[in-house]
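Below is a brief structural report on one protein chain. Please look over the sequence and the structure before reading on.

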Amino acid sequence: MLNLDIKALFSGGVAVSYVDYLGDKKTPFNFLAQGYIGGINGNDLEAVIPTTVGNLEGTTLLVSTFAPNNDTYALIGSNPAEVSAQVKQIILNNPLNPSLRPPALDLDFFNTQSALYTTRTFRVLINQPQISNNRLMCLRNTYYFNDTFAEPTLREGTVTLYGFPKGSLPSALGGRFEKLGAFSASSNLVGHNPELCAVAASNVDPVAVQ
């Protein structure tokens, strides 16, 4: 039996930004190539039901395991601070290998004082409406970073994406990408019901992208 008393979950994903879904060359959207959900402290099967519901509502999700499984990042170095994180898909009910876990992505970043992008750039990116996997509606999840404890940190580093057949991402997305800009912060998330994409774009809160 699955525990339905879910207190917290990890989530992550690989998205393509600035998709011209409306064809007007001015309204940006995110397209989630693949999303991942996992439980904390190794309770990854707690993600089964949320993943199923999310897929039914238009988000492409896989049950996954995150490392570390009790924090956002693992601190692996200092001066400057270096952090890492890893996501792997969990393939359920696999008769050949019940513990088969194809890799999805690896993150390795250093704190930096010479940022490649501004914090506003990342706010704009993450708050673009997301095209649902049925291409009919869009999801508008709004992230606010104006909390006292947001602790925004600019970073630079490397992302490794694992494409099919070795990993769980589409093969065209696989590769190692170096000297990337990154932004780490705590946010308050306000979710909304699926909307027509033009409506979702017009309803993006300007406060969230300032």
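## Model and confidence

This is a predicted model. Mean pLDDT for the protein is 86. A value of 70 or more is reached by 93% of the residues.

Confidence is lowest in helix 1, residues 48-56, where the mean is 84. It is highest in helix 3, residues 197-202, at 94. Where pLDDT is low, the predicted coordinates should not be read in detail.

## The disulfide

The structure holds 1 disulfide. Its partners are Cys138 and Cys197, with sulfur atoms 2.1 Å apart. The link of Cys138 and Cys197 is right-handed, with 85° about the S-S bond. The pair ties together distant parts of the chain. Cys138 sits in strand 8 and Cys197 in helix 3, 59 residues apart. Both Cys138 and Cys197 are buried.

Ser132 lies in the loop between strand 7 (130-131) and strand 8 (138-139). Is Ser132 buried or exposed? Its relative accessible area is 1%, so Ser132 is buried.

Beyond residues up to four places away in sequence, Ser132 touches Gly58, Met137 and Cys138. A polar atom of the Ser132 side chain lies 2.8 Å from the backbone oxygen of Met137. Of these contacts, Cys138 is the residue bonded to Cys197 in the disulfide, and Gly58 follows helix 1.

## Nonpolar cores

The largest nonpolar core has 14 residues. Those with the most contacts inside this core are Tyr36, Val87, Leu105 and Leu161. Two or more residues each come from strand 1 (9-19), strand 3 (61-67), strand 5 (82-89), strand 6 (103-111) and strand 10 (153-161). Strand 6 gives the largest share, 3 residues. Apart from this core lies another, of 6 residues, among them Ile37, Val48, Val63 and Ile90.

Which residues does Leu161 contact, leaving aside its neighbours within four places in sequence? They are Val14, Ala104, Leu105, Leu169, Leu173, Gly174, Gly175 and Phe177.

Thr160 is also in strand 10. Its relative accessibility is 15%, so Thr160 counts as buried. With neighbours within four places in sequence left aside, Thr160 contacts Ala104, Leu105, Asp106, Gly175 and Arg176. Ala104, Leu105 and Gly175 are also among the contacts of Leu161.

The buried residues of helix 1 are Val48, Thr51 and Gly54. They cover an arc of only 130° around the axis, so they lie on the same side of helix 1. Strand 2 (29-39) and strand 3 are included in what covers them. Val48 is also one of the residues of the 6-residue core. Gly58, with a positive phi near 110°, follows helix 1.

In helix 2, residues 119-126, the buried residues are Phe122, Arg123 and Val124. Their cover includes strand 1, strand 10 and strand 11.

## Ser184 in strand 11

Ser184 is in strand 11, residues 175-184. With a relative accessible area of 15%, Ser184 is buried. Residues up to four places away in sequence aside, Ser184 touches Tyr73, Glu151, Pro152, Thr153 and Arg155. The contact with Arg155 includes a polar one between side chains, at 3.0 Å.

Ser184 and Ile37 are 147 residues apart in sequence. Their C-alpha atoms are 19 Å apart in space.

## Backbone geometry

Most residues other than glycine have a negative phi, and most peptide bonds are trans. The cases below depart from that pattern.

A cis peptide bond joins Ala67 and Pro68, with omega about 0°. Pro68 is in the loop between strand 3 and strand 4 (74-77). Another cis peptide bond joins Phe164 and Pro165, with omega about 10°. Pro165 is in the loop between strand 10 and strand 11.

Tyr18 has a positive phi, near 60°. Tyr18 is in strand 1. Its relative accessible area is 53%, so Tyr18 is exposed. Lys25 likewise has a positive phi, near 60°. Lys25 is found in the loop between strand 1 and strand 2. At a relative accessible area of 79%, Lys25 is exposed.

Conventions. Residues are numbered from 1 along each chain as its sequence is written. This is a predicted model: local features need pLDDT of at least 70, side-chain atom pairs count only at pLDDT 80 or more; totals for chains, interfaces and linings use all residues. Side-chain values use heavy atoms; hydrogens and water are left out. pLDDT is the predictor's confidence in each residue, from 0 to 100. Helices (H or I, at least four residues) and strands (E, at least two) are DSSP runs, numbered from the N terminus. Buried means under 20% relative accessible area, exposed over 50%, partly exposed in between (1.4 Å probe, protein chains only). A polar contact is a pair of N or O atoms within 3.5 Å; within protein, one must be able to donate a hydrogen and the other to accept it, and residues adjacent in sequence count only if both atoms are side-chain atoms. Contact means heavy atoms within 4.5 Å. A disulfide is a pair of cysteine sulfur atoms within 2.5 Å. A nonpolar core is a set of buried Ala, Val, Leu, Ile, Met, Phe, Trp, Tyr and Cys residues joined through side-chain atoms within 4.5 Å. The arc is that of the directions from the helix axis to the C-beta atoms.
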